[in-house]
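Dear colleague,

I am passing on the structure below, together with some notes on what was found in it. Please read the notes with the structure open beside them.

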Amino acid sequence: MGYSEMKGKTLVISGGTRGIGKAIVYDFAKQGVNIAFTYNSNEEMANEQVKDLEKNYGIKAKTYPLNILEPETYKDLFKLIDEDFDEINYFISNAIISGRPVVGGYTKYMKLKPKGINNIFTATVNAFVVGSQEAAKRMEKVGGGSIISISSTGNLQYIKHYAGHGTAKAAVEAMARYAAAELGEMNIRVNIVSGGPIETDALRAFTNYEEVRDTTAKLSPLNRMGQPQDIAGACLFVCSEKASWMTGHTLLIDGGTTFQTC
Ligand SMILES: NC(=O)c1ccc[n+]([C@@H]2O[C@H](COP(=O)([O-])OP(=O)(O)OC[C@H]3O[C@@H](n4cnc5c(N)ncnc54)[C@H](OP(=O)(O)O)[C@@H]3O)[C@@H](O)[C@H]2O)c1
């Protein structure tokens with residue numbers, strides 16, 4: 001499927017070095033979209049990726065450090081992006097925290113702690129708010145744009161240890177609908193792409209990864225786990241003109257798993 005009108009436009013995406021973010025970066029680059037993507041710990045990998053994108057797709061690509069635990073730093077990030085790119089047309093809030101910052105957030109209900117929950121909320125909801133505000137200011141100048149928040153079906157269905165993430169994802173989905181209601185007058189569409197379990201480093205870090213993988217494949221009528229490209233394809237469609245009357249919507253990409261029970 002061609003998305004020729006996207007050629008020469010610019011995508012800003014958080015967390016473009018791995019998993020779903022990386023797949024989105026490459027899918028957009030293949031359409032000739034210029035890419036500004038962020039990394040957190042993998043600077044070397046990010047720089048290699050820039051070279052690969054520019055060499056193989058003939059687009060402009062730049063990478064920048066970002067810590068979504070400090071959402072206000074998005075303001076400085078966008079100023080740097082302004083120096084490198086003439087306009088911003090798409091913004092995808094994709095990055096997710098893991099490891100030490102999610103202690104007390106990614107755990108059993110009785111072990112939840114406000115600090116861990118707050119960290120996940122900050123990195124998920126507050127980062128989306130500040131990032132999309134900065135993106136919207138730039139999109140308004142060029143007559144509109146498309147914003148996506150990446151969510152997960154863990155806000156609809158129980159996933160072990162996922163209470164902190166699941167509630168933050170429910171909140172960011174509601175926040176995105178509020179954004180959609182108010183940014184429409186600037187011709188900015190805001191949508192949510194929500195994935196079922198997708199094979200990435202984040203999922204492999206789950207304490208019960210193998211169980212999730214096997215159950216997902218069993219639940220899906222398509223008999224397989226989700227892959228990062230499954231989410232990337234949906235993002236491409238949502239940002240394209242083919243989705244021009246879609247806003248405030250949640251697109252579920254779950255291999256049919258949410259409807260099924262074991
Ligand atoms: N995997 C799933 O099953 C699944 C399902 C549905 C939805 N999702 C959602 O999809 C999105 C991407 O998840 P993923 O599975 O692709 O994750 P992932 O493979 O763990 O990649 C995480 C990305 O976020 C960046 N990152 C980590 N800590 C950060 C921080 N403190 N500040 C800024 N960036 C940071 C990483 O950068 P570095 O590599 O530089 O550290 C990396 O690019 C998330 O919103 C997640 O909730 C995932």
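In which sense do E1 and strand E2 (residues 34-39) pair, and over how many bridges? The two strands pair in the parallel sense, over four bridges, where pairing requires that DSSP finds at least two bridges between two strands. Before going further, please note that this is a predicted model, in which local features need pLDDT of at least 70 and side-chain atom pairs count only at pLDDT 80 or more, while totals for chains, interfaces and linings use all residues. Residues are numbered from 1 along each chain as its sequence is written. The helices (H or I, at least four residues) and strands (E, at least two) are DSSP runs, numbered from the N terminus.

The chain crosses from E1 through H1 to E2 in a right-handed β-α-β crossover, right-handed meaning that, with the strands pointing away from the viewer, the path from the first strand over the helix to the second runs clockwise. E1 also pairs with strand E4 (residues 90-93), again in the parallel sense, over three bridges, and the bridge partner of Ile13 in E4 is Ile92. E2, for its part, runs parallel to strand E3 (residues 61-65), to which five bridges join it, and Phe37 has Thr63 as its bridge partner in E3. From E2 the chain crosses through helix H2 (residues 43-57) to E3, and this β-α-β crossover is right-handed.

Both faces of strand E1 (residues 10-13) are covered, since Thr10 and Val12 on one side and Leu11 and Ile13 on the other are all buried; a residue counts as buried if 20 or more other C-beta atoms lie within 10 Å of its own, as exposed if 12 or fewer do, and as partly exposed in between, with C-beta atoms placed from the backbone. E2 is largely enclosed by the rest of the structure, because six of its six residues are buried. Asn34, Ala36 and Thr38 point one way from E2, whereas Ile35, Phe37 and Tyr39 point the other way.

Gly16 lies in the loop between E1 and H1 and counts as buried because it has 33 C-beta neighbours inside 10 Å. Leaving aside residues up to four places away in sequence, Gly16 touches Gly21, Lys22, Val25, Phe37 and Thr38, a contact being two residues whose C-beta atoms, placed from the backbone, lie within 7 Å. Gly16 and Ala36 are 20 residues apart in sequence, and their C-alpha atoms are 8.8 Å apart in space.

The ligand is surrounded by 29 residues, of which the closest are Gly15, Gly19, Gly195, Thr200 and Ala202; the criterion is a C-beta atom, placed from the backbone, within 6 Å of the molecule. Helix H1 (19-30), strand E5 (145-152) and helix H6 (201-204) each supply at least two residues of this shell. By class, the shell has 13 nonpolar, 14 polar and two charged residues, where Ala, Val, Leu, Ile, Met, Phe, Trp, Tyr, Cys and Pro count as nonpolar, Asp, Glu, Lys and Arg as charged, and the others, Gly among them, as polar.

Helix H7

In helix H7 (residues 209-219), Val212, Thr216 and Leu219 are buried. They cover an arc of only 70 degrees around the axis, which puts them on the same side of H7; the arc is that of the directions from the helix axis to the C-beta atoms. Glu210, Glu211, Asp214 and Lys218 are exposed on the other side of H7, and what covers the buried residues of the helix includes H6.

Most residues other than glycine have a negative phi. His161, in the loop between E5 and H5, has a positive phi of about 70 degrees although it is not a glycine, and this residue is partly exposed, with 19 other C-beta atoms within 10 Å. Asn187, in the loop between H5 and strand E6 (188-195), has a phi near 65 degrees, likewise a positive value in a residue other than glycine, and counts as partly exposed with 15 C-beta neighbours inside 10 Å.

Finally, Ala174 is found in helix H5 (residues 163-183) and counts as partly exposed, with 13 C-beta neighbours inside 10 Å. Ala174 and Gly248 are 74 residues apart in sequence and 8.9 Å apart in space, C-alpha to C-alpha.

With best regards
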